[in-house]
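Reader: Before we discuss it, could you please show me the sequence and the structure?

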Amino acid sequence: KILITGGSGFLAKNLSQFLLNKKKYKITLCSRNIENLRKASEEVKCNFYPLNINSINSLIDAFEYIQPDIVIHCAATKFVDLSEKFPEECIETNVLGSINLLRVAKMYNIKKLLVISTDKAANPDSNIYSQSKNLMENFFINSTTKSKIKIACLRFGNLCWSTGSVFNLWEEMTIKNKIVFSTGPNMRRFFIHVNHACYLIDLVLENLSKCNGLIITDYMKSAKISDILDVWKSCYNVNWKKIKSRDGDKLDEYLMSPYELPSSNIIYLNKKKLISIDKNKNNLNIFTKPITSKNSPKLSKKEILFLIKEKPRFI
């Protein structure tokens, strides 16, 4: 039995469908917006239960009802600009809510806990959202030395077509205004299709004993935003224009930061080559420099076109 937090969100819906197709799991989606949660459960055809991770009592009620074996933690406040404007909400959900979740997971003897994180957590020097996700990662990873629960964090880049994705915003602008406005055409970002993300989640989940206490990330490709905009322009016959940058945005993202470099290693899960970060080791010397959205392999025009055109089933 799997409990998924952030259950009404983009990743949770697509992930639950992916896992249900394997016919191995009974899944319950959980989130605090009960109407969106009900709609999500109807779309995916699985159970749901209202849950606010900021409330210990809400967590206890959900765990008591569901009795999960596995928790996949997708819940988060994820918007960089809104986290700058409303830092209390970001910190309460991403940090304190995560602490609440682990406390209750220990109470109910959960076997596995997989935490969904972001490349923005790797080098959290510029905004509150990044800092909150970095704190969340460190909290869960540090707790593995004192907990019987198998825990790993999985870092993703930008999930195309997820809630708040530039693709959704650009589509709306294309339809309404016939022009796309971009706050950061010179920025470079890692992008990943949700089907690939679901595959990686399942892969780590199946190998969680091997990944316990680790931060895992894939060798994701990156793209300059202007390159994606140019493909978008040719697809939909619209122009794009640069506008004022948002608070908290930065030029590049990291898969692993400079201070994580000595802790970074290569791990193979079912022959899939991934990157692992083990905070308990500081002299691995596998990588000579951090992998960033600047120096990583770039998405081709064909790959960008695929990400634009291949919309996930659940948006």
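**Cysteines and a sheet**

Author: Cysteine 74 is buried, its relative accessible area being 17%, where buried means under 20%, exposed over 50% and partly exposed in between, with a 1.4 Å probe and protein chains only. This is a predicted model, in which local features need pLDDT of at least 70, side-chain atom pairs count only at pLDDT 80 or more, and totals for chains, interfaces and linings use all residues. Residues are numbered from 1 along each chain as its sequence is written, and side-chain values use heavy atoms, leaving out hydrogens and water.

Reader: How many disulfides does the structure hold?

Author: A disulfide is counted when a pair of cysteine sulfur atoms lies within 2.5 Å. For cysteine 211, which is buried with a relative accessible area of 0%, the closest cysteine sulfur, in cysteine 153, is 11 Å away and therefore too far for a bond. The number of disulfides in the structure is zero.

Reader: Which cysteine has the sulfur nearest to that of cysteine 74?

Author: Cysteine 74 takes part in no disulfide. At a distance of 8.9 Å, the nearest cysteine sulfur belongs to cysteine 198.

Reader: In β9, which residue is the bridge partner of asparagine 158?

Author: Strands are DSSP runs of E with at least two residues, numbered from the N terminus, and two strands pair if DSSP finds at least two bridges between them. β7 and β9 (residues 188-192) run parallel and are joined by two bridges. In β9, the partner of asparagine 158 is phenylalanine 191.

Conventions:
Helices (H or I, at least four residues) and strands (E, at least two) are DSSP runs, numbered from the N terminus.
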